[in-house]
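I am keeping short notes on what I looked up here.

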Amino acid sequence: MKKLVYVPMAADIIHPGHLNIIKEAAKLGHVMVGLFSDRAIASYKRVPFMTYEQRKVIVENLKGVDEVVMQDEKEYEPNLIKYKPDFLVHGSDWNEGPLNEPRQRAIALMDTWGGKVVEPQYTKDVSSTKFNKSIKELGIMPHIRLAALKKSLNAKPMVKGIEAHNGLSAMIVEDVSVKDENGINQSFDLIWLSSLTDSSAKGKPDIEFVDLTSRMTTVNDILEVCTKPIIYDGDTGSEIPHFALTVKRLERLGVSAVVIEDKMGLKKNSLLEGSAAKHTQDSIEHFCEKIKAGKNAQITDDFMIISRIESLILGVGMDDAVLRAKKYIEAGADGIMIHSRKKDGAEILEFCEIYNKFKNRKPLMVVPTNYPILSEEDLQKAGANIIVYANQLLRASYTAMLNTATSILSHKRALEADKNYISALELISLIKGN
Ligand code: SPV
Ligand code: MG
């Protein structure tokens with residue numbers, strides 16, 4: 001009988017390196033590819049371009065592959081225990097980065113039944129990471145970007161986004177990444193097109209005064225410099241026929257989702273306090289009509305309408321918030337955003353607990369501007385699926401600009417301020433085409 005050879009791989013972008021590994025594995029026996037599920041890949045790097053089913057069809061048809069099984073987590077142990085292969089074959093590149101520890105555990109485990117680990121030399125100059133970079137440089141087509149949000153939500157328990165209000169801030173969101181304590185790259189999954197920061201950046205109030213054409217100019221500037229999915233802050237969505245047209249326009253551009261809030265009349269920002277905080281909430285019936293009109297207008301299956309509940313902002317109570325969540329989902333909402341102005345986040349956690357029991361639960365979005373005390377871990381544990389940092393980049397740039405202007409005025413020169421920001425040459429080099 002042929003020996004069993006287990007070959008784990010993600011195989012999102014197939015390159016000669018994969019073929020080399022399969023060729024080496026086939027010399028040893030029956031090749032069983034342990035194909036990482038979308039969830040397994042998303043747990044340590046970006047969500048794959050192709051779905052598991054698409055990747056499976058490709059791998060099954062590669063010369064040398066005898067069968068494909070799913071590996072549903074980045075740990076190799078469950079499948080190794082299940083199949084007890086004679087060989088485990090993996091490219092030599094897995095001994096650095098997030099797969100290093102799983103590798104060590106896999107080697108120790110294989111040893112317990114006398115299995116061997118074979119690590120063919122990693123094929124230089126071909127790696128998915130390099131291909132990814134080239135794909136980023138090419139840009140992204142609208143339908144692929146549009147579908148990316150749903151894909152991420154299916155592959156990850158929680159996705160995180162941050163606002164961008166122009167091309168430059170979107171470039172930062174596109175590229176910023178840090179390695180966490182497990183060596184896993186952390187980056188933002190999406191961009192929030194905030195009405196507060198889009199209007200504030202123009203020196204305008206956040207009262208739906210900045211018109212759709214102008215908002216779309218911001219969207220376009222962002223689309224041109226980043227490949228991440230976008231959630232557009234649609235404010236109240238305006239009148240029902242206007243909302244239907246907005247949905248079509250956003251879809252055409254490749255925006256993944258719109259959030260509309262259940263307010264009426266002159267919309268004011270939800271974080272306002274005291275007498276300035278004059279809001280009128282829409283009726284459940286009317287807002288549901290708006291959701292339905294949006295759903296009827298949309299053309300793709302992937303676009304999402306996220307309904308934002310303002311009951312906690314308006315102080316009308318948890319029961320009202322919960323009732324609205326039920327009604328909005330029944331009307332067709334693809335997700336719910338619950339908002340709160342309170343500093344301790346307690347009412348958000350309370351809402352999550354009730355919401356999690358919904359049978360037809362949809363992704364839940366939260367915006368922890370006023371309750372940064374709750375960490376991503378806290379919010380994920382509570383059940384949040386989308387976390388958005390809604391205004392931090394613009395707030396940070398305002399403070400930096402004010403300090404700089406003050407320093408230049410005080411010192412009557414820029415020397416003192418200069419050490420706090422990038423050089424003119426660095427700025428020029430940041431932008432392609434300069
Ligand atoms: C925005 O970012 O514009 C929002 C979130 O709508 S908030 O400002 O908190 O209302
Ligand atoms: Mg807003």
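Entry 1. I looked up Lys342 and found its side chain in a salt bridge with that of Glu347, at 3.3 Å from N to O. The term stands for a side-chain nitrogen of Lys or Arg within 4 Å of a carboxyl oxygen of Asp or Glu. Lys342 is partly exposed, with 45% relative accessibility, and Glu347 is buried, with 13%. I use buried for under 20% relative accessible area, exposed for over 50% and partly exposed for what lies in between (1.4 Å probe, protein chains only).

Entry 2. I noted the ground rules: this is a predicted model, where local features need pLDDT of at least 70 and side-chain atom pairs count only at pLDDT 80 or more, while totals for chains, interfaces and linings use all residues. Residues are numbered from 1 along each chain as its sequence is written, chains are lettered from A and ligands numbered from 1 in the order in which they are written, and side-chain values use heavy atoms, with hydrogens and water left out.

Entry 3. How many salt bridges are there in the whole structure? The search finds 26. I then looked at Asp38, which pairs with Arg55, the closest N and O atoms being 2.6 Å apart. Asp38 sits in helix H2 (residues 38-42) and Arg55 in helix H3 (residues 52-60), so this pair ties together parts that are 17 residues apart in sequence. Helices here are DSSP runs (H or I, at least four residues), numbered from the N terminus. Asp38 is partly exposed at 22%, whereas Arg55 is buried at 0%.

Entry 4. Arg215 and Asp198 form another salt bridge, at 2.9 Å from N to O. Arg215 belongs to helix H10 (residues 212-225) and Asp198 to helix H9 (residues 195-201). Both Arg215 and Asp198 are buried.

Entry 5. I turned to the second largest pocket, which holds about 600 Å³ of space. A pocket is an open set of points on a 1 Å grid over the protein atoms alone where a 1.4 Å probe fits, with protein on both sides within 12 Å along at least five of seven lines; lining residues have an atom within 4 Å of a point. The volume is the space filled by probe spheres set on the points. The lining has 18 residues, with Leu168, Ile172, Ser397, Ala400 and Ile422 nearest the centre. H17 gives the most, 6 residues. Domain 2 (140-390) and domain 3 (396-430) both contribute to the lining, so the pocket lies between them. The domain bounds come from an automatic or database assignment.

Key:
Helices (H or I, at least four residues) and strands (E, at least two) are DSSP runs, numbered from the N terminus.
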